[in-house]
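Hi,

Here is the structure I promised to pass on. Have a look at it first, and then read my notes below.

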Amino acid sequence: MTPATVSIGAQFINLLAAVLLLLSFAMLSQRRILSLIDLFAMQGAVLFVSTLVVAFTTGQVHLYYSATLTLVLKVLLLPWILHRLIRRLNVKWDVETLINIPTTMLVGIVLVIFAFNLALPISELAGTITRSTLGIALATVMLSFLMMITRRKAVPQVIGFLAMENGLFFAATSATYGMPMVVELGIALDVLVGMIILGVFFFQIREQFDSLDIRHLEQLREE
Amino acid sequence: MSATTVILQLLQVVVGLALAPLLAGWVNQCRTWLQNKSAPPLWQPYRQLSKLFHKEVVLAHDASPLFRAVPYILVACMALACAIIPTLSTDLPFAPAADAIALVGIFALARVFIALAGMDIGTAFGSLGSRREMLIGFLAEPALLMVFFTASLISRSTSLATIVETLAHREFAIYPSLAFAGVAFTMVSLAENARVPVDNPATHLELTMIHEAMILEYSGRHLALVEWSAALKLYAYSCLGLALFFPWGIPEGVGLANFAVAVPALLGKLAIGGFLLALIETLSAKMRIFRAPEFLGTAFLLAVLGMLVHFLLEKGI
Amino acid sequence: MTAGAAWLPIDAAVALAACWLVLGAAGLFAPRNLAYVGRLLFPLGALVALLLAATGLAALHASPQVMVLALGLPDLPFHLRVDSLSALFLVLLGGAGAGISIYAAGYFRPGEGTAPGLQCLQYHLFLASMAFVMMADDAYFFMVSWETMALSSFFLVTSDHRIPEIRRAGYLYLLIAHIGAIGILLSFGVLQGGSGDYTFAGMRAQPHAGWWASAAFGLALFGFGAKAGLLPLHVWLPEAHPAAPSPVSAMMSGVMLKASIYGLLRVTFDLLQTQLWWWGVIVLALGLLTALFGVIFSAVQTDMKRLLAYSSIENIGLILVAYGLAVTFRGFGMAALAALALTAMLYHCLNHAAFKSLLFLCTGSVLHATRSRSLGRLGGLIHRMPWVAWLALVGVLASAGLPPGNGFVSEWLLLQGFLFTPGLPHGYVNMLVPVAAAAVAMTAALSGYVMVKFFGIVFLGRPREESLVQAHDAGTLERIGLTWLAALCLLLGLAPVAVIGELDRVTRPLVGHGLGEAARAGGWLLLAPIDAARASYSPLLVLAAIAAVFALAVMAVHRLYHRRVRRADPWDCGFPRQTARMQDTAEGFGQPIRQVFEPFFRMERELPSPFDATPRYRVTVADHLWHWLYLPIARAAEFGTRLVAFLQQGRIAVYLLYSFFTLLALLFFIR
């Protein structure tokens with residue numbers, strides 16, 4: 001492939017994919033909860049732009065809708081809810097990590113290599129212009145998973161969960177030009193409802209243990 | 001190798017030597033503006049240097065010849081770095097003598113010598129600074145090397161001139177891997193030039209400083225040379241960043257017309273870069289020293305990630 | 001030996017090695033006569049080494065030669081062969097050996113451990129056995145030389161055998177050397193493939209099926225790795241190197257470790273016809289671990305020879321990384337790249353032999369002058385021992401991998417090798433290799449840390465002990481040895497094109513390609529192993545530029561301003577009662593590394609309480625592997641022996657009964 005055959009649009013999406021990965025790593029290494037939410041919102045914004053670009057270059061109209069949905073839900077609504085939650089729960093403390101950050105990032109790098117190699121044969125099959133971003137989407141999902149594993153406070157875990165959904169969404173737009181609208185709406189609703197339920201849970205957990213440290217949940221197992 | 005290229009080569013070094021204090025002055029000025037202070041004049045670093053050159057050298061009794069040689073070695077290393085980083089042209093006759101890997105080595109050479117000088121007098125302070133400097137160095141150096149590796153994977157060469165030519169003069173393409181490399185490079189340059197999140201160039205508070213602790217025993221012309229080489233290092237890193245990530249405006253050939261483009265382009269880019277540096281310094285707070293390995297470890301891993309992204313996204317390009 | 005006719009290099013090499021044996025035996029005539037041994041035999045040994053290096057160079061240019069010595073067992077003569085690979089390592093042995101021997105001539109003092117004459121015998125036996133290892137052409141002679149090398153070096157290590165730690169170190173060394181030797185022996189057993197022909201020529205002719213080849217390779221890696229200090233078989237190295245007298249440490253670290261690298265190369269690239277790529281990946285990973293482990297532990301040491309010993313582990317790791325890369329490339333059939341990696345590896349072998357011998361010898365001089373190996377009792381020696389200090393600086397810069405030193409050249413070549421990997425046909429390897437390059441870069445940077453610590457604490461600053469004021473510089477013979485090795489460092493650093501031209505002769509028979517032509521195409525000044533647009537480096541130009549700017553700056557500053565200097569006390573920060581003991585110690589200098597790489601170490605700290613009148617701070621840093629791997633094995637062995645302990649009755653009749661039953665059983669089974 002020469003640069004001529006790879007269109008500017010595809011190159012731009014590649015760039016956005018890289019930024020998405022960068023943001024995932026930033027989230028993995030971020031200690032502060034408020035910055036974490038900002039990073040999440042930025043991830044949403046990147047998704048919004050990339051969906052727009054895919055919609056524009058391929059002319060798929062329904063992608064404009066899902067872009068709008070992304071903007072409203074992931075850039076505006078969810079961060080707002082999270083901010084509100086933080087304020088209400090009064091938890092602006094530092095995020096603690098289980099393993100130290102360089103080690104976490106090292107594990108992250110290994111995951112990225114794994115994901116890239118996993119995606120290599122699949123993206124050979126895909127015919128879309130943005131096929132090589134599939135590896136990045138996969139890596140984003142895995143990194144979010146890693147983030148959920150390494151955190152022990154409840155709110156960052158939820159953010160990890162949401163970021164994982166971001167990765168899936170990106171995989172969907174980049175590999176197959178988006179899911180059917182019904183599915184997308186359903187997922188959006190799921191995320192929203194899940195978010196609200198988790199919010200309720202937070203209050204319950206804090207009421208019970210006076211803290212959002214989920215290590216306390218270990219006490220709940222059967223002796 | 002023609003006479004003009006040789007002249008241009010020398011000119012590039014001379015421009016570096018002359019401009020470096022100006023850049024330091026400009027960054028200082030921007031920073032004081034941003035912090036709502038009244039700024040010192042732009043040529044303050046020159047005055048400082050001239051004052052120091054005129055002053056007498058006060059040397060500790062225990063200073064060895066190594067201590068007296070180090071300031072000159074530093075200037076030599078930094079001048080060499082300025083000679084091989086393409087700033088005014090990519091056609092430099094001296095450039096083949098050292099590629100990107102050798103450039104990292106030259107920076108490391110300067111670092112090792114200044115760390116040794118810090119330990120030479122045998123005060124607790126000096127060796128504390130040396131130890132910290134080496135701590136920063138062992139993480140910053142491989143990160144810088146990985147940034148170069150990303151760029152060389154794109155251009156299939158470790159020669160800086162070829163890298164810049166490829167990035168500046170080939171058909172336009174977006175390289176996502178360079179985004180990673182750029183972030184990593186910024187972090188590394190902040191650490192290497194003793195800038196705010198890692199070190200504070202404006203303080204002499206013993207618990208926080210790195211670079212200033214090492215050079216505490218220097219005075220007079222020696223201190224002038226050390227300060228000058230620090231300014232040169234900042235200039236070299238800035239030019240390196242511009243050459244790798246914003247290479248447009250560095251001409252390929254030689255000649256007066258090219259030169260007329262190159263100098264204003266360089267000045268403009270340096271002015272913007274210096275302002276951004278001041279902005280970063282104003283916006284961030286100094287880290288604890290043991291956060292610095294984390295900061296640089298992140299830079300290192302980002303640079304490695306850049307290489308991996310290159311393999312995934314840019315293999316075909 | 002065919003006297004009269006033109007002497008072949010192999011004849012000369014064998015004769016020279018025999019000279020070493022004679023010199024060693026001559027030491028026994030007057031074992032206590034220091035002047036005879038030190039002023040006559042050791043300088044003669046150095047001369048022989050020098051001639052051997054010259055012979056090696058000649059052999060490098062000649063075609064391979066074979067020779068059969070009618071010694072050894074009947075029907076089992078010793079086969080010898082000198083090809084370019086052997087020749088290169090003979091050059092290494094002779095070059096480093098010349099410097100070390102002349103240094104050793106001035107080093108030995110009366111009343112230190114073993115009698116000098118006996119040490120002379122052991123030392124020259126050690127040298128000769130290494131030469132024979134590099135020339136052996138059958139498994140039998142190879143193993144005889146190998147074991148002689150191990151035993152003679154064991155006796156040299158334990159020359160101060162009255163000290164229990166040294167006895168313990170020697171025992172550990174011997175144990176691991178022998179476990180390694182078993183691996184090598186088994187590897188040869190696999191290589192001969194049932195033919196019963198133990199000559200190397202016979203092994204070369206054997207076709208090795210996949211699994212058998214892998215088994216032979218694995219056993220060889222284990223065996224030679226044990227001698228080289230490959231993780232996790234490295235534990236003997238930091239014990240044995242400090243225990244030995246300094247010239248012996250230099251010899252072991254500089255040359256003996258390379259003998260095992262030679263063996264590894266001989267087995268993989270010469271005796272085995274096929275190389276599988278995944279062998280390379282395994283060695284690459286092991287080498288990286290070894291290098292990182294070595295350098296991290298090196299940074300926290302407080303004993304200068306232990307520090308250098310761990311640094312040797314690091315360098316062996318780097319050599320194995322290059323070797324792994326070469327095998328990987330070779331396995332994928334990329335001859336040119338394999339040659340690049342192999343050149344980097346061989347170059348680093350030469351470099352390490354030069355600078356590590358130099359540094360070990362420098363510690364020897366410091367040890368003699370100050371009677372202390374502990375970094376906490378040294379300091380400020382650049383004023384009392386300028387010769388040693390400035391020559392050590394050459395070694396330090398080389399070891400830290402800084403341009404224009406020689407360590408940088410091999411590192412540069414290795415990194416170039418890594419940059420070429422995108423062509424590899426295997427996805428994972430393709431992506432993992434850049435990560436490995438990152439680890440190599442970090443190792444190199446950390447070695448800078450280590451070397452600043454070493455040089456800064458030993459030679460710079462103020463003397464930490466009163467007695468250091470009486471320290472004296474090295475004697476004339478020692479200075480000659482040090483200068484010779486420093487000169488080798490400079491030569492290797494500044495003339496890479498010529499060196500690569502010589503290495504070309506070695507890589508060509510092994511992997512079918514070499515860098516010589518491409519390197520020469522760039523001219524003698526410019527090293528461009530692939531082509532000039534791709535990468536180039538010229539140490540001479542770099543040095544010239546630095547020197548020119550240096551001189552110009554000195555002249556300009558002195559001419560334009562003034563050259564006044566006033567001596568004064570250092571700035572005391574308002575606390576006038578500072579003493580030299582308040583300088584950074586070795587523990588203090590290693591503290592950041594201890595903190596950053598905490599999981600690597602097994603640390604025990606004793607912190608003083610704030611109310612202590614005589615506060616003591618103690619920290620011991622140990623190796624996890626010792627506790628996780630070696631102690632369990634030792635415990636298992638102890639348990640096993642206790643199980644069979646009842647066999648030990650103490651009565652001769654019972655023992656005879658055992659032998660008798662064994663005989664009966666054997667007769668029954670064999671019939």
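Below is what I found in it.

A bit of housekeeping: this is a predicted model, where local features need pLDDT of at least 70, side-chain atom pairs count only at pLDDT 80 or more, and totals for chains, interfaces and linings use all residues. Residues are numbered from 1 along each chain as its sequence is written, chains are lettered from A and ligands numbered from 1 in the order in which they are written, and side-chain values use heavy atoms, with hydrogens and water left out.

Let's start with D99(B). You'll find D99(B) in the loop between α3 (65-84) and α4 (100-120) of chain B (helices are DSSP runs of H or I with at least four residues, strands are runs of E with at least two, both numbered from the N terminus). Is D99(B) buried or exposed? D99(B) counts as buried because its relative accessibility is 1% (buried means under 20% relative accessible area, exposed over 50%, partly exposed in between, with a 1.4 Å probe and protein chains only).

Leaving aside neighbours within four places in sequence, the residues in contact with D99(B) include S159(B), Q416(C) and A535(C) (contact means heavy atoms within 4.5 Å).

Now over to chain C. Strands β1 (residues 65-73) and β2 (residues 76-82) of chain C pair in the antiparallel sense over six bridges (strands pair if DSSP finds at least two bridges between them). L73(C) stands opposite L76(C) in β2(C). Two residues sit between the strands of this hairpin, and D75(C) there takes a positive phi near 70°.

Cheers
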